[in-house]
Amino acid sequence: MVSAEDSRWMAQALQLAERGLYSTSPNPRVGCVLVRDGNLLGAGWHKKAGEPHAEVYALLDAGDAAHGATAYVTLEPCSHYGRTPPCCDALIHAGVARVVVAMQDPNPQVAGRGIAKLRAAGISVDCGLMEAAARELNAGFCARMTRGLPQVRSKVGMSLDGRTALSNGVSQWITGADARLDVQHWRARSCAVLTGINTILADDAQLNVREIDVERQPKRVVLDSHLRMPLDARILQGGVLIYAALRDDHKIERLQQAGAEVVLLPGTDGRVDLPAVMRDLASRGCNEILVEAGAVLNGALLRAELVDEMLLYISPQLLGSSARGIAALGELTALDQRVDLKWQDVRQVGRDLRITVTVRNDDKGV
């Protein structure tokens, strides 16, 4: 039976887990605290893949005082050997008396085995406390483990009348400096930032994290069906992953010499196979994908039901009906063809609004 005191300590463990927001992928973000008699004995969080997990850092912090303590962990302790030994074994060896877990690990290699191993060792285990918060923190990891796909988040900067660029393609800058800085944080937490070749041709975008300190840059991904990438594009500096549908060995070789990795994933329509792209990114350990693209790619991803969430930065200005829209969905002839969204969050960022919505791909109800 969990208590209000348990909730207090789990909230602290979740705050610790957030410290790994920019660095843990492809691993989940996890925090842990060790407590006895209302006193904090040790705390830790997973910092990045290959380094000790949160439980190990907390145990090192607590030392011998961990014996008889309660461990609050935001994700089920692992029970298998990966890059590091099982955290279950470390907790058992330390002699903790109780473990409170926010959520079961969706990784099939763990999936309840950690909890079972702790209970078999005589340790009391409670699971499910503040599960929604823990799941939200690792929505991308959960998607990759359960669906074989990353969580896809599309960012759109738009005017109040839903326009993302003038008819001639000019879009810098619709949103203000505060909103653009906010986007950098979303880039930093993402495993990859994805765009289409039209955005590269129009803006010579780099898609890297700027203005905030990060140890890890996200993978930069461009969908370029017909290999139109200029050899002097700035995004080639530092490496980029290009998905293409056209086989042009000469152009591919030149792009590779410029620092790109080119993967051919042709679809039946002569364009890149979008579901195959997402499956490939998941196989590369990508948990969260941030899409920064124009109406054509946004529309294609929405039609393919590959977008999970949208970040809509809305600037208080009007650009008129001839300006470009959010997503090219084609003409809809029935309401059940619409894209349904669910409100998640609304807040002001500088002069602009940031609206977060989830895409309800499985719900066409009114």
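This is a predicted model: local features need pLDDT of at least 70, side-chain atom pairs count only at pLDDT 80 or more; totals for chains, interfaces and linings use all residues.
**Domains**

I looked up how far apart the two domains sit: the centres of domain 1 and domain 2, taken over C-alpha atoms, are separated by 35 Å. The assignment for the protein chain puts domain 1 at 4–138 and domain 2 at 148–359; such bounds come from an automatic or database domain assignment. Residues are numbered from 1 along each chain as its sequence is written, and side-chain values use heavy atoms, with hydrogens and water left out.

**Where the domains touch**

I asked for the area buried between domain 1 and domain 2 and got about 820 Å², with carbon and sulfur atoms giving 40%. Buried area here is the accessible area (1.4 Å probe) that two parts lose on being put together, summed over both.

Next I checked salt bridges (a side-chain nitrogen of Lys or Arg within 4 Å of a carboxyl oxygen of Asp or Glu). Between domain 1 and domain 2 the count is two. I also noted glutamate 215 with lysine 48, a salt bridge whose closest N and O atoms are 3.8 Å apart. On the side of domain 1 that touches domain 2, I found four nonpolar, three polar and two charged residues.

**Arginine 98 and its partners**

I searched the whole structure and got 22 salt bridges. One of them joins aspartate 6 and arginine 98, with the closest N and O atoms 3.0 Å apart. Aspartate 6 lies in helix α1 (residues 4–17) and arginine 98 in strand β4 (residues 98–101), so this pair ties together parts 92 residues apart in sequence. Helices (H or I, at least four residues) and strands (E, at least two) are DSSP runs, numbered from the N terminus.

Arginine 98 also forms a salt bridge with aspartate 126, again with 3.0 Å between the closest N and O atoms. Aspartate 126 is in strand β5 (residues 124–127), 28 residues from arginine 98 in strand β4. Are aspartate 126 and arginine 98 buried or exposed? I found both buried, and aspartate 6 is buried as well. Buried means under 20% relative accessible area, exposed over 50%, partly exposed in between (1.4 Å probe, protein chains only).

**Helix α10**

I went through helix α10 (residues 274–283) and found Leu274, Ala276, Val277, Met278, Leu281 and Ala282 buried. Aspartate 273 caps its N-terminal end, with a side-chain oxygen 3.1 Å from the backbone nitrogen of alanine 276. After α10 comes glycine 285, with a positive phi near 85 degrees. I also saw aspartate 280 and arginine 284 meet in a salt bridge at 2.7 Å, N to O. Arginine 284 is partly exposed, at 32% relative accessible area.

**Glutamate 288**

My last stop was glutamate 288, in strand β11 (residues 288–291). Glutamate 288 counts as buried, at 1% relative accessibility. Leaving aside neighbours within four places in sequence, its contacts (heavy atoms within 4.5 Å) include Arg29, Gly140, Arg153 and Arg189.

Conventions:
Ala, Val, Leu, Ile, Met, Phe, Trp, Tyr, Cys and Pro count as nonpolar, Asp, Glu, Lys and Arg as charged, and the others, Gly among them, as polar. A polar contact is a pair of N or O atoms within 3.5 Å; within protein, one must be able to donate a hydrogen and the other to accept it, and residues adjacent in sequence count only if both atoms are side-chain atoms.
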